[in-house]
Amino acid sequence: MDTLNLDMNKRYTYADYLTWMDDVRRELHDGFIKLMTPAPSIRHQDISTNFMRILSIFLYKKECKLYHAPTDVRFPKNTKSNSDEHVYTVLQPDLFVVCDLSKLDARGCVGAPDFIIEIISAKNSQRDTRDKFEIYQEHGVREYWIIHPNDETVNVFVLDEHGKFRFKGIFSGDDKIPVSIFNGDLEVDLTEVFGL
């Protein structure tokens with residue numbers, strides 16, 4: 001399939017995004033195209049699979065749902081209009097949990113998931129630690145974990161009552177991290193994330 005020749009300096013909407021029928025993975029950050037890295041590494045996929053297993057077991061028969069990339073999450077700026085022509089930010093988090101199921105439709109999620117996990121690589125670290133961090137905070141993601149596969153560490157951020165992410169710490173080794181949105185009912189054992 002031919003790669004589209006899109007203007008990287010033009011501002012696009014989700015309606016435009018839906019017309020791009022090629023094999024290139026892209027996200028929209030406030031209407032501007034951000035190319036995604038090619039297929040993730042095996043290490044990235046192992047970590048993602050381990051998180052999916054842990055979260056899937058915990059969420060079985062619960063109200064919240066777990067999804068993984070590539071699934072679109074649309075972040076409308078105007079809460080009165082979620083139409084495709086008014087959405088300028090579309091991201092594909094590595095993993096995300098949605099507890100308000102009214103946010104889900106056939107194409108993904110409209111609005112902030114409750115919990116997002118991003119697994120960074122050297123090529124996308126700034127995007128996850130700065131750009132996406134700001135988007136997730138602005139739109140009210142309740143909890144955000146940034147995974148550093150090489151260091152085997154997890155940075156945990158939880159949204160406070162003022163709508164700002166508060167740093168909860170860097171976790172590693174045999175730490176067990178409580179997932180705040182589940183009020184401590186789930187602790188993620190990092191030996192199960194990095195050790196398998």
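This is a predicted model: local features need pLDDT of at least 70, side-chain atom pairs count only at pLDDT 80 or more; totals for chains, interfaces and linings use all residues.
Ring pairs link Phe75, Phe133, Tyr136, Tyr144, Phe157, Phe165 and Phe167 into a cluster. In total, the structure holds 15 aromatic pairs.

How do the rings of Tyr136 and Tyr144 meet? Their centres are 4.9 Å apart and their planes stand at 80°, so the pair is edge-to-face. Edge-to-face requires planes over 60 degrees apart. Are these two residues buried or exposed? Tyr136 has 0% relative accessibility, so it counts as buried. Tyr144 is buried too, also at 0%.

Another ring pair joins Tyr12 and Trp20. Here the centres lie 5.0 Å apart and the planes make 85°, so this pair is edge-to-face as well. Tyr12 is buried, at 6% relative accessibility. Trp20 is buried at 12%.

Now turn to the sheet. Six strands build an open sheet, and its order is β3-β6-β9-β10-β11-β12. The pairing is mixed. Which strands sit at the edges? They are β3, residues 65-68, and β12, residues 165-172. Each of these edge strands pairs on one side only. From one strand to the next, the twist averages 15°. What holds such strands together? Strands of a sheet pair through backbone hydrogen bonds, either parallel or antiparallel.

Look at one end of the sheet. Strand β11 covers residues 153-159. It pairs with β12 in the antiparallel sense, over seven bridges.

Next, the cysteines. How many disulfides does a search of the whole structure find? It finds one. The bond joins Cys64 and Cys99, with their sulfur atoms 2.0 Å apart. The link is right-handed, with 105° about the S-S bond. Where do the two ends sit? Cys64 is in the loop between α2 (42-59) and β3. Cys99 is in the loop between β6 (95-98) and β7 (104-105). The pair therefore ties together parts that are 35 residues apart in sequence. Cys64 is buried, at 13% relative accessibility. Cys99 is partly exposed, at 24%.

The cut-off for a disulfide is sulfur atoms within 2.5 Å. Cys109 is buried, with a relative accessible area of 0%.

Charged side chains make links of their own. A search of the whole structure finds 12 salt bridges. One of them joins Asp84 and Arg107, at 2.9 Å from N to O. This pair links distant parts of the chain, 23 residues apart. Asp84 lies in the loop between β4 (72-74) and β5 (90-91). Arg107 lies in the loop between β7 and β8 (108-110). Asp84 counts as buried, at 17% relative accessibility. Arg107 is partly exposed, at 36%.

A further salt bridge joins Asp160 and Arg166, at 2.7 Å from N to O. Asp160 is buried, with a relative accessible area of 16%. Arg166 is partly exposed, with 43%.

Then comes the salt bridge of Asp189 and Lys176, at 3.9 Å from N to O. Asp189 lies in strand β14, residues 187-189. Lys176 lies in strand β13, residues 176-178. The pair therefore ties together parts that are 13 residues apart in sequence. Lys176 is partly exposed, at 45%.

Salt bridges can also share partners. In this way Glu27, Glu118 and Lys132 are joined into one network.

Notes
Residues are numbered from 1 along each chain as its sequence is written. Side-chain values use heavy atoms; hydrogens and water are left out. Two strands pair if DSSP finds at least two bridges between them. Helices (H or I, at least four residues) and strands (E, at least two) are DSSP runs, numbered from the N terminus. Axes are lines fitted to C-alpha atoms, for helices over the stretch in contact, and angles run from 0 to 180 degrees between N-to-C directions. Buried means under 20% relative accessible area, exposed over 50%, partly exposed in between (1.4 Å probe, protein chains only). A salt bridge is a side-chain nitrogen of Lys or Arg within 4 Å of a carboxyl oxygen of Asp or Glu. Rings of Phe, Tyr and Trp (its six-membered ring) pair if their centres lie within 6.5 Å; planes under 30 degrees apart count as stacked, over 60 as edge-to-face and the rest as tilted.
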